[in-house]
Amino acid sequence: MGYGFISSKGHVPAYLDRLRSRGDVEIVAIADICSARRSQARKDLRGVQVFSDSEALLDAMGDELDFVDICTPPCDHARIAHAALDRGLHVLCEKPLTPTLSEAASLLEHAARVRRVIFPCHNYKHAPVVKAIREILESGRIGQVRSITLNTFRNTHAKGAAEWRPDWRRERKYSGGGIAMDHGSHTFYLAFEWMGGYPTAVSAKMATQSEAYDTEDNFSAVLSFPSGLAHAQLTWTAGVRKVIYTLQGEHGAITVDDDDLQLALASSANGSGKGPTTWRVERKSIASHWMDASHIHWFNSLFDDFKSAIDAGAFVGKEAREAYFCIQVITHAYRSAAQECREVPLSTEIGWAERWFPVNRVPIGR
């Protein structure tokens with residue numbers, strides 16, 4: 001659903017590559033409200049049926065589909081996802097899953113009730129350098145993570161398709177918010193994994209440098225976890241496009257600057273843990289294609305996880321719950337910023353969830 005930038009440059013090419021290499025997926029229909037984008041879809045995807053909106057597609061093809069992939073602006077995610085779930089279809093959905101917490105809760109409950117998978121496109125998890133971080137944490141080499149920083153620098157917001165409102169990410173009506181809504185999910189689900197749980201409070205501040213838009217372009221937040229703190233800085237007004245992550249553990253630290261990863265490990269000189277501390281530093285470069293905004297190279301790994309969730313019947317799995325908690329953090333960060341950075345408490349449970357399944361209270365990503 002939707003044939004804008006991320007669909008045409010990311011999702012669809014990844015599906016076509018998967019069709020050629022594995023043959024386990026087929027694109028049968030596209031919907032877009034923009035006539036120019038529909039024309040482009042017909043050129044790019046010969047033989048694929050193209051519809052003027054999601055309702056027309058589902059009415060005509062619902063019985064022939066296994067799942068839908070939602071790539072519209074966030075304002076339409078919940079409506080399309082509910083319609084797909086009503087027809088017994090699994091749902092893959094771009095982030096944020098919804099722009100409001102009530103919509104997210106409703107979607108998760110709906111998916112649990114009809115026993116269909118709701119799955120967010122949390123694709124930063126699938127960047128090779130992020131997978132390398134995961135391997136280091138699972139090895140225990142740096143011990144318990146005590147604090148992290150997650151910095152995302154962009155010199156502009158991501159532009160949509162030129163034929164239809166390329167600046168929709170700066171229009172609250174369509175996006176639901178600014179950079180916190182757009183990049184916050186990526187930042188927060190990584191924080192959940194690296195800190196091994198969900199946060200208990202958030203304090204945030206934001207600013208809008210451009211008066212042309214009604215959404216924030218700079219965002220800073222501190223998340224409190226039982227095990228420590230996470231600091232996030234997101235900006236659309238930087239002089240560079242870059243991500244910089246740091247993870248401080250009991251026995252060492254990880255620093256990531258785009259593709260470059262540095263692992264610093266502490267040890268005592270005599271091996272007893274009591275002598276002077278020495279440091280061993282390991283450096284490597286892990287090609288992750290951060291400059292490619294389509295992130296096409298990450299999608300097949302994400303599709304594998306979506307397929308596994310379907311095969312396992314994980315209708316509201318870890319990723320869906322993380323999507324809910326991302327939206328909770330974003331929502332309450334906006335509250336905090338509106339109240340002069342007042343710390344706002346967060347719930348670590350999904351209130352309705354015990355009716356359908358036990359809430360996962362164990363550490364995440366371990």
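Reader: Which residues does Lys95 touch, leaving out those up to four places away in sequence?
Author: In this predicted model, Lys95 touches His77, Cys121, His122, Asp182, Ser185 and His186. Lys95 itself sits in the loop between S4 and helix H5 (101–114).

Reader: Why is Lys95 called buried?
Author: The relative accessible area of Lys95 is 12%. Buried means under 20%, so Lys95 counts as buried.

Reader: What does the side chain of Lys95 reach at 2.6 Å?
Author: The side chain reaches the backbone oxygen of Asp182. The cut-off for a polar contact is 3.5 Å, and the 2.6 Å of this pair falls within it.

Reader: Why is the pair Phe67 and Phe306 called edge-to-face?
Author: A search of the whole structure finds 15 aromatic pairs. For Phe67 and Phe306, the ring centres are 5.1 Å apart and the planes stand at 80°. Centres within 6.5 Å make a pair, and planes over 60 degrees apart count as edge-to-face, so this pair is edge-to-face.

Reader: What makes this pair a tie between separate parts of the chain?
Author: Phe67 belongs to strand S3 and Phe306 to helix H9, so the pair ties together parts that are 239 residues apart in sequence.

Reader: Is Phe306 buried or exposed?
Author: Phe306 has 3% relative accessibility, so with a cut-off of under 20% Phe306 counts as buried.

Reader: Why is Phe67 described as partly exposed?
Author: Phe67 has a relative accessible area of 26%.

Reader: Why is the pair Tyr245 and Trp290 called edge-to-face?
Author: The centres of these rings lie 6.4 Å apart, within the 6.5 Å cut-off, and the planes are at 75°, over the 60 degrees required, so the pair is edge-to-face. Tyr245 is in strand S10 (residues 242–249) and Trp290 in the loop between strand S13 (277–285) and H9, 45 residues apart. Both Tyr245 and Trp290 are buried.

Reader: Which residues form one aromatic cluster?
Author: Tyr15, Phe67, Phe119, Phe299, Phe303 and Phe306 form it. Tyr15 is also among the buried residues of H1. The buried residues of H1 pack against helix H2 (35–44), strand S3 (67–70), strand S4 (90–93) and helix H9 (299–312).

Reader: Where in H1 does the kink lie?
Author: The kink, of about 30°, is at Val12, shortly before the proline Pro13. H1 has 17 residues and reaches 23 Å from its first C-alpha to its last, close to the 24 Å expected.

Methods. Residues numbered from 1 in each chain as written. Predicted model: local features only at pLDDT ≥ 70, side-chain atom pairs only at ≥ 80, totals over all residues. Heavy atoms only, no water. Helix = DSSP H or I, 4+ residues; strand = E, 2+ residues; numbered from the N terminus. Expected span 1.5 Å × (residues − 1). Bend = angle between axes of the 7 residues up to and from the residue. Buried < 20%, exposed > 50% of the residue type's maximum accessible area, 1.4 Å probe, protein only. Contact = heavy atoms within 4.5 Å. Polar contact = N/O pair within 3.5 Å; in protein donor to acceptor, adjacent residues only side chain to side chain. Phe/Tyr/Trp six-rings, centres within 6.5 Å; stacked < 30°, edge-to-face > 60°.
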